[in-house]
Amino acid sequence: MSPRPLLLFALPLCLYLDPCVAQQQQPVVLRGFVVTPTAVLPDGLVSILGSKILQVVTFSGWPQASTVDTDSFIFPGLIDLHDHITWNLFPRWRPYELFDSRYEWLQKAAYKIALDEPHGILLADHVLACDADRFGEIKAIVGGATSVVGSLNPTPGTNDNACIIGLARNLDTYAGFDGSVLNHEKVRYEVFPFEMTLADAAQVNADLTSGQLKGFLIHVGEGNPSDAASAREFKMLAKRGGGFLRSGVSVIHGVAFGQAEFTQMEKAHVGLIWSPRSNIELYDATTDVSSAKNAGVKIALAPDWSPSGSDGMLEELKYAATWNASQVPPVFDDADLVKMVTVVPAQLAGADKQIGSIAEGFYADLLLLRKTGTNAYQALLHARPEDVRLVMVGGIPIYGDRDLMERLLPGRQLETIVLCGSPKAIYIEPQKGIPESEKSFRQMSEELRTKLASWGTSLAQLAPCQGTNLN
């Protein structure tokens with residue numbers, strides 16, 4: 001289910017992707033409050049042909065009458081550069097204690113019983129592993145993301161790849177861009193970079209130099225700011241595999257770093273990926289993003305994972321906006337926060353000419369939010385799950401309000417779910433010969449729910465439905 005062109009308004013007798021459909025292909029034109037990199041168009045149009053954006057204009061400059069009036073704010077799809085997709089089926093983990101570093105809670109029996117051991121058993125069963133990945137990707141999409149990292153690691157001789165080539169773009173496994181190569185993408189995601197062999201680390205550096213890799217995303221400095229071991233990891237960055245303080249590298253977390261480290265990161269063109277909710281829940285502190293911003297470091301925002309972070313990008317963005325409003329003075333303005341989930345992560349992934357913006361020639365990865373008021377940025381920063389009108393990946397409507405989904409996908413099989421009291425529709429296109437991909441969302445959820453019940457736990461929610469729920 002890699003992103004493929006959306007072919008609409010075809011003759012009824014034509015089959016999907018048949019030559020007769022291609023001949024009938026016409027642009028799809030969405031009308032709404034369009035947020036571009038340089039301006040907000042109150043009455044804008046996004047014209048989509050196949051998988052890409054053809055034009056972005058104002059309604060008054062559009063010569064054709066055929067448009068889909070969405071009554072929405074139209075944003076680029078959100079880009080999640082820090083997640084652990086197959087873990088997001090678990091309910092919230094509450095250890096009822098704080099930790100000095102990630103190495104501390106990773107050794108706790110409570111973590112192993114609640115998360116680590118069940119996760120390992122799930123992934124050993126490749127049918128359930130597929131369910132877990134697809135549930136996690138749908139959860140990401142419901143939360144506004146169109147691109148993610150951290151999905152299922154494929155096992156040779158299985159159908160795992162069919163699950164990884166999924167609903168969202170998997171930037172580290174299969175992005176779905178022109179020239180994408182399965183399991184050989186230009187983004188690499190490492191949870192434990194200091195456990196890499198020296199040869200592997202040296203190869204990463206060589207691939208960054210050659211351009212084979214555009215982004216190397218690594219978990220570093222995750223712990224309380226006073227934790228010496230976490231702070232020491234910065235020095236290790238400079239030595240690993242010839243040195244990871246270089247362009248193309250982005251640090252995930254960096255909670256234990258300060259002004260001096262961020263100044264060095266900026267000089268070396270190293271990015272930062274910030275996950276405040278998980279940091280605060282586990283360590284009672286988060287990254288000194290004020291110092292990072294003052295140093296000029298590019299900062300992206302991402303949810304980490306559901307057990308201690310947020311259920312998705314929209315929830316993490318709301319958390320970050322609430323945290324930011326409590327700072328005196330605030331660290332970021334509204335435009336900064338919006339860029340931290342769109343333009344900046346695209347830059348850190350080396351994909352800023354393909355995604356992250358609504359612009360001609362970019363992939364049609366879009367997030368549409370119900371229009372309330374006229375402040376598009378505020379609408380995104382405080383969006384509720386039920387406000388999502390549509391999520392589109394590569395021109396394909398994947399999730400949204402049923403009226404839009406039915407209009408954009410006439411005659412297609414849509415599955416209805418009710419989210420926070422609001423009926424929504426999901427479009428999951430099965431892959432021939434891959435039984436795991438033919439399951440409905442309900443089927444995969446029931447399989448996971450049954451397995452989790454045998455361990456005395458439950459399937460996680462897709463999205464929060466009770467206010468900001470910051471506790």
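Reader: Which residue does Arg 169 lie over?
Author: Arg 169 lies over the face of Tyr 363, at 4.5 Å from the ring centre. A charge counts as over a ring if CZ of Arg or NZ of Lys is within 6 Å of the ring centre and within 35 degrees of the ring normal. Lys 52 also lies over the face of Tyr 363, at 4.9 Å from the ring centre.

Reader: Thanks! What should I know about the model itself?
Author: This is a predicted model, where local features need pLDDT of at least 70 and side-chain atom pairs count only at pLDDT 80 or more, while totals for chains, interfaces and linings use all residues. Residues are numbered from 1 along each chain as its sequence is written, and side-chain values use heavy atoms, with hydrogens and water left out.

Reader: On to rings, then. How many aromatic pairs are there?
Author: The count comes to 16 aromatic pairs. Rings of Phe, Tyr and Trp (its six-membered ring) pair if their centres lie within 6.5 Å; planes under 30 degrees apart are stacked, over 60 edge-to-face, and the rest tilted. Trp 105 and Tyr 111 are edge-to-face, because their planes are at 75 degrees, with the ring centres 5.1 Å apart.

Reader: Is Trp 105 buried or exposed?
Author: Trp 105 is buried, with a relative accessible area of 7%; buried means under 20%, exposed over 50% and partly exposed in between, using a 1.4 Å probe and protein chains only. Tyr 111 is buried too, at 5%. Both belong to one aromatic cluster, together with Trp 87, Phe 90, Trp 93, Phe 99 and Trp 305.

Reader: Nice. Now, where does strand β11 sit, and which residues cover its faces?
Author: Strand β11 spans residues 271-274; strands here are DSSP runs of E, at least two residues, and helices are runs of H or I, at least four, numbered from the N terminus. Gly 271 and Ile 273 on one side and Leu 272 and Trp 274 on the other are all buried, and both faces are covered. In a regular strand the side chains alternate between the two faces of the sheet.

Reader: Which way do β10 and β11 run?
Author: They run parallel, joined by 3 bridges; strands pair if DSSP finds at least two bridges between them. Ser 250 has Gly 271 in β11 as its bridge partner.

Reader: And what does Trp 274 stand opposite?
Author: Trp 274 stands opposite Leu 301 in β12. β11 and β12 pair in the parallel sense over 3 bridges.
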